[in-house]
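Subject: Structure handover

Hello,

Here is the structure I said I would pass on. My notes on it follow below.

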Amino acid sequence: MGSVLEEVALGFGGLAGDLREVYESGRTRDLEWRRSQLRGLVRLLEDKEEGIFDVLRADLGKHRAESFRDEAHAPLVAFPATALVVPEPLGVVLIFSCWNLPIGLALEPLSGALAAGNAVVVKPSELAPCTSAFLAANIPKYLDPKAVKVVEGGADVGDRLMEHRWDKVLFTGSSRVGRLIMTKAAKHLTPVALELGSKCPCIVDRLDSSRDSQVAVNRIIGAKWSTCSGQACIAIDYVLVEEEFAPILIELLKSTLKRFFTKPEYMARILNEKHFNRLSSLLADSRVSASVVHGGHCNPKTLSIEPTLLLNPPLDSDIMTEEIFGPLLPIITVKKIEDSITFLKSKPKPLAIYAFTRNEKLKRRIIEETSSGSVTFNDAIVQYGMDSIPFGGVGHSGFGQYHGKYSFEMFSHKKAVLKRSFLIEFLFRYPPWDESKVGMLRHVYRFDYVSLFLALIGLRR
């Protein structure tokens with residue numbers, strides 16, 4: 001069998017065929033094989049922790065503390081339920097991971113695919129080349145190299161991979177590329193799960209105590225600037241707050257930002273020049289730049305942008321119609337905090353809605369009247385790390401859910417199994433038909449088993 005590099009040149013026909021052969025052999029279905037692969041993932045994370053810190057620093061400028069928190073933990077593995085539903089592996093699956101959490105977004109779904117018994121191809125993002133090379137070099141050392149492949153390369157490699165039939169494709173990235181993935185998958189009727197971006201709002205209610213307000217601000221900053229500099233699909237995109245409370249919130253944000261980010265290295269840089277220019281152009285709009293109340297400085301040499309607060313930028317400007325994916329935070333004011341619900345209902349469904357409030361009625365209305373991949377109260381982003389609840393979008397923010405047992409379910413087929421004995425046979429199921437049989441069937445469909453029993457022994461109820 002050729003190397004992955006050789007397959008890149010040949011178009012992956014051999015790679016897909018070899019993986020199909022491994023899967024058909026039954027190798028990946030073996031319970032011990034699945035456990036050994038998961039143990040291998042854990043060893044990889046333990047043995048190569050410093051290497052992970054190094055490549056994330058090289059690719060994204062992430063501090064080791066941020067890297068450890070977000071990426072270098074072993075994903076938890078869930079176990080299947082049995083009963084009348086038998087989970088079975090889908091077959092050969094393809095996972096496209098993205099660049100902003102390049103370790104976690106590769107290994108988390110990989111763990112679920114392996115636990116379910118699939119053969120897997122992982123295609124890391126070429127925009128995090130050091131991490132991509134790290135995964136390609138180390139995954140074969142810890143996992144079964146015949147059943148788990150890492151394919152590196154750019155968009156052309158992704159296109160060629162999608163020319164082949166897969167039993168499931170998981171893509172994490174932009175809506176634009178997600179549409180292309182779906183179009184190519186349709187040729188083979190390949191099921192697709194998409195984890196896409198969106199404008200995740202954060203509702204900030206008036207909080208009575210200064211401590212609550214400070215805790216809320218700490219968590220907002222952590223979910224915006226301390227998560228890959230805002231370059232994350234679940235990062236807070238903008239804030240909704242009452243007009244009267246906005247000045248208090250802004251001053252708290254300013255003072256806390258200064259206290260948190262005392263060194264440039266505490267915040268990740270912008271990925272590359274293309275993304276830097278995109279973010280800079282959002283601020284170049286004179287209507288937007290006039291709304292800046294803090295920050296706004298851009299350094300093209302270091303690809304860094306100062307944490308920036310904007311108060312009521314125009315709602316029709318690019319910064320309020322496109323996903324920001326960076327360290328810019330618009331603050332939009334409303335008359336009453338309840339008006340934020342009306343505002344959200346007019347927008348596409350986001351991946352997450354965050355709300356800081358003690359108002360139980362407001363919480364209930366947010367849950368009942370809005371739609372999003374998830375809702376988190378009084379914190380942000382932490383829902384991503386919880387394996388007991390599913391992670392995924394809805395509508396424009398994607399579809400398909402994983403994490404914990406949901407990762408197993410994403411890469412499994414729930415096969416319904418019915419077992420019957422030969423002991424009892426009801427002849428009213430079969431022709432020739434008469435009204436008595438129709439009556440018995442009626443009892444069955446109405447769950448009227450007493451009348452059915454009486455009819456069977458020749459009595460009427």
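How many bridges join strand β14 to β15, and in which direction do the two strands run? There are 3 bridges between β14 (residues 353-356) and β15, and the strands run parallel. Ala355 stands opposite Phe377 in β15. Please keep in mind that this is a predicted model.

The sheet

β14 and β15 belong to an open sheet of 7 strands, with the order β9-β12-β13-β8-β7-β14-β15 and mixed pairing. Its edges are β9 (292-294) and β15 (375-377); each has a single partner strand, so one side of each is left without a neighbour in the sheet. On average, neighbouring strands are turned by 25° against each other, direction ignored.

Helix α12 (residues 273-284) touches β9, β12 (308-311) and β13 (328-334), and its direction makes about 40° with that of β13. Helix α16 (residues 360-369) touches β7 (200-204), β14 and β15, and its direction makes about 170° with that of β15.

Helices α10 and α11

The axes of α10 (residues 210-224) and α11 (residues 246-260) come within 10 Å and cross at roughly 60°. The two helices are therefore oblique to each other, and α10 passes α11 in a right-handed crossing. On the α10 side the contact is made by Ser213, Gln214, Val217, Asn218, Ile220 and Ile221; in α11 they meet Leu249, Leu252, Leu253, Thr256, Leu257, Arg259 and Phe260. Sorted by class, this contact has 8 nonpolar, 4 polar and 1 charged residues.

Helix α10 also holds Asp212. Is Asp212 buried or exposed? Its relative accessible area is 16%, under the 20% limit, so Asp212 counts as buried. Leaving aside residues up to four places away in sequence, Asp212 touches Leu207 and Arg358.

Helices α4 and α7

α4 (residues 49-60) and α7 (residues 129-142) pack at an angle of about 150°, with their axes 7 Å apart. Since angles over 145 degrees count as roughly antiparallel, that is how α4 lies to α7. Gly51, Ile52, Val55, Leu56, Ala58 and Asp59 in α4 meet Pro129, Cys130, Thr131 and Phe134 in α7. The residues of this contact divide into 7 nonpolar, 2 polar and 1 charged.

Regards

Terms used:
Residues are numbered from 1 along each chain as its sequence is written. This is a predicted model: local features need pLDDT of at least 70, side-chain atom pairs count only at pLDDT 80 or more; totals for chains, interfaces and linings use all residues. Side-chain values use heavy atoms; hydrogens and water are left out. Two strands pair if DSSP finds at least two bridges between them. Helices (H or I, at least four residues) and strands (E, at least two) are DSSP runs, numbered from the N terminus. Axes are lines fitted to C-alpha atoms, for helices over the stretch in contact, and angles run from 0 to 180 degrees between N-to-C directions. Contact means heavy atoms within 4.5 Å. Angles under 35 degrees count as roughly parallel, over 145 as roughly antiparallel, 65 to 115 as roughly perpendicular and the rest as oblique. A crossing is left-handed if the near helix is turned anticlockwise from the far one by less than a right angle, and right-handed if clockwise. Ala, Val, Leu, Ile, Met, Phe, Trp, Tyr, Cys and Pro count as nonpolar, Asp, Glu, Lys and Arg as charged, and the others, Gly among them, as polar. Buried means under 20% relative accessible area, exposed over 50%, partly exposed in between (1.4 Å probe, protein chains only).
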